[in-house]
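Here are my notes on the structure, as numbered points. Please read them alongside the model.

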Amino acid sequence: MTDYSGILKELVDGSWREPDTGKQYTIGIKDIAIRASLDGAESELIGKLHPDQAITIVSDPFTHDALGGRIYRALKAGGHKVKEYVWEKPRCSEEGVETIRRDTADCDVRIAVGSGTINDTVKYACFLDDREYSVFATSPMNAFTTGTASVSFNGFKRSITCKGAKGVYFDLSVISQCPPRLVSAAFADVICRTTAQVDWLMSHLLFDTRYAQTPYTLLSYDEPGMIDGADQLLSGDIEVLGMLTRISAIMGLGTIFTETTHSGSMAEHMISHYIDMFAGDLHPGTSHGEQVGVATITMSQLHNQVLTNPQPPLMRATRVDRDDMNDRFGPDLADSMMQETAKKALDDKKADQLNQRFANEWETLRHQLMKVMLPYETLHGSMQRAGCQLSASDLDLDADFYREAVTGARFIRDRFSMLDIVDDSTGLANFTKTMPV
Ligand SMILES: [Zn+2]
């Protein structure tokens, strides 16, 4: 049995040191296991973290068959006080969270078995009840190691800060059986490291906003291997799947190290959020990771276009058309978008300062950014080999709406990205006219 958890073990026990600074970090999670198989180890793992506690295992019919039933039998055989709850129609909404709180009230610990919906519902329910939770993953995702849950309130998804899991367990032989679409989406949602890092670093270099190297140092251990083995992911290669799973876990932990989601979520995520917020009937039902993947390709094209040009962009003050915003988003949303945009908008003076800076330092700046960027061909090629969607048409998303998402995404958050640079120079509308969709 291969153990992929070396670095994660050091992180969990607090002995890992950032190579550049020697700094040590502690994370709240007490155990992370990523192994070829956890069959037979369940009782011992849970016994270490949750001894003598009343446990309820929460799964849905699919994850129960894939893993939940096995864990229940193992814990029962191991002498744990354990019940199981198979949730027929899981939904991570206010009502869903209340269902879990009510139906599994008589336990000390909940153990989630599943992915997004089950994990986030149990995470939030345990936070509200002040109870511990641990999770067995059935697909690779970064949500298992974050301290946030994505919960839908009256149809609107909100990311809520709550307590993370105590134990996070990945049985790679189970994960290798999950729908291939989930593996491709997980790959897309971590390979976006490249565009998120360029945007976040650029914001730091230009405006001295906060930036942290630690998440990227951790991700750099496995990223080359994962990219090399991208074509073996869908055939269930345990070694490459282990790399993807570890990278996903570390992406999640990055939000703990930095206390913000910036390290893995910049413009490519804003484009995906825009799609979720405004596509309405045009939404093709694609997942977060799938949309982020396509947006990562778009952002990489934009990064390449700007950064390979020896001529710096010529910046001008940010123009926001309030009437157009009102028409498109309604007055309330337009208000909040105006506020987000105002935090990073350029006035004439700031635009001049930026132009001055570019005139003196463009060569240095663009090379600093290109150093952390995956070459476009590497990004595109690896995503193709991992079975990811590569364009709006692959997503089955209307091409005009996708162009609108790329031009509108900059307004939904205060995060400064290449969308801002391009829109406040040559204009994003010019880019979207020619970008592949
Ligand atoms: Zn994401």
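1. Helices (H or I, at least four residues) and strands (E, at least two) are DSSP runs, numbered from the N terminus. On that basis the protein chain has 20 helices and 8 strands. This is a predicted model: local features need pLDDT of at least 70, side-chain atom pairs count only at pLDDT 80 or more, and totals for chains, interfaces and linings use all residues. Residue numbers start from 1 along each chain as its sequence is written.

2. Overall dimensions. The radius of gyration of the protein chain is 22 Å, which agrees with the value near 22 Å for a compact globule of 437 residues. The radius is taken over C-alpha atoms, and the globule rule is 2.2 Å times the number of residues to the power 0.38. Along the principal axes, the C-alpha atoms fill a box of roughly 70 × 45 × 35 Å.

3. Of the 437 residues, 46% count as buried. Buried means 20 or more other C-beta atoms within 10 Å of the residue's own; exposed means 12 or fewer, and partly exposed is in between, with C-beta atoms placed from the backbone. Two residues are in contact if their C-beta atoms, placed from the backbone, lie within 7 Å. Among contacts between residues at least 6 apart in sequence, 76% join residues at least 24 apart.

4. Helix 4 with helix 5. Two packed helices are described by the angle between their axes and the distance between the axes. Axes are lines fitted to C-alpha atoms, for helices over the stretch in contact, and angles run from 0 to 180 degrees between N-to-C directions. Helix 4 (residues 94–103) packs on helix 5 (residues 116–129) at about 65 degrees, with the axes 9 Å apart. Their crossing is right-handed; a crossing is left-handed if the near helix is turned anticlockwise from the far one by less than a right angle, and right-handed if clockwise. Helix 4 contributes Gly96, Val97, Ile100 and Arg101; helix 5 contributes Thr121, Val122, Tyr124, Ala125, Leu128 and Asp129.

5. Helix 7 with helix 11. Helix 7 (residues 180–191) meets helix 11 (residues 238–258) at an angle of about 50 degrees, with axes 10 Å apart. The two are therefore oblique to each other. Angles under 35 degrees count as roughly parallel, over 145 as roughly antiparallel, 65 to 115 as roughly perpendicular and the rest as oblique. The crossing is left-handed. Ala186, Phe187 and Val190 of helix 7 touch Leu244, Ile247, Ser248 and Met251 of helix 11.

6. Helix 7 with helix 13. What is the angle between helix 7 and helix 13 (residues 288–307)? About 45 degrees, with axes 7 Å apart. This pair is also left-handed in its crossing. Contact residues of helix 7 are Ala185, Ala186, Ala188, Asp189 and Ile191; those of helix 13 are His288, Gly289, Glu290, Val292, Gly293 and Thr296.

7. Backbone points to check. Aspartate 130 has a positive phi of about 55 degrees although it is not a glycine. Its place is the loop between helix 5 and strand 5 (132–137). Aspartate 130 counts as exposed because it has 7 C-beta neighbours inside 10 Å. Glutamate 259, also not a glycine, has a positive phi near 55 degrees. Glutamate 259 sits in the loop between helix 11 and helix 12 (267–278), and counts as exposed with 11 C-beta neighbours inside 10 Å.
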